[in-house]
Amino acid sequence: MMTSADQSGTPALTCDLARAEVFAAIDGELDAATLGALNAHLADCAPCGNRLKSDVVFLRVVRRAVSPGIAPASLRARVALLLHERAIQIAPA
């Protein structure tokens, strides 16, 4: 999602493209060239840098809120038993 190269030859991102890549960057999903272009853009663009900071906080809050946690031992045991029974039912004779 890069645009044309800047004067140094580094691929440049527009604000729209940079903002579209923020969550992928936070999750470590960008290739080195795109991450470099994003970092260069963020260094020069305060609004996008501020947006990144707020997106990091937002993502942290969301992940904390929807974190599945650990199921109680009794539930884990029941699920394991059901899976085992199902595996026996579908196993070839």
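**Working through helix α2**

Helix α2 covers residues 32-44, 13 residues in total, and spans 19 Å from first to last C-alpha, close to the 18 Å expected at 1.5 Å a residue. That expected span is 1.5 Å times one less than the number of residues, and helices are DSSP runs (H or I, at least four residues) numbered from the N terminus. We're looking at a predicted model, where local features need pLDDT of at least 70 and side-chain atom pairs 80 or more, while totals for chains, interfaces and linings use all residues. Residues are numbered from 1 along each chain as its sequence is written, and side-chain values use heavy atoms, leaving out hydrogens and water.

**Exercise 1.** Find the buried residues of α2 and work out how they are arranged.

*Solution.* Start with burial (under 20% relative accessible area; exposed is over 50%; 1.4 Å probe, protein chains only). Thr34, Ala37, Leu38, His41 and Leu42 are the buried ones.

**Exercise 2.** Which helices do the buried residues of α2 pack against?

*Solution.* Check contacts (heavy atoms within 4.5 Å): the partners are α1 (15-26) and α3 (46-65). For a close-up on Ala18, skip its neighbours within four places in sequence, and you get contacts with Leu13, Leu38 and His41.

**Exercise 3.** Find the residue that caps the N-terminal end of α2.

How values were computed: Helices (H or I, at least four residues) and strands (E, at least two) are DSSP runs, numbered from the N terminus. A polar contact is a pair of N or O atoms within 3.5 Å; within protein, one must be able to donate a hydrogen and the other to accept it, and residues adjacent in sequence count only if both atoms are side-chain atoms.
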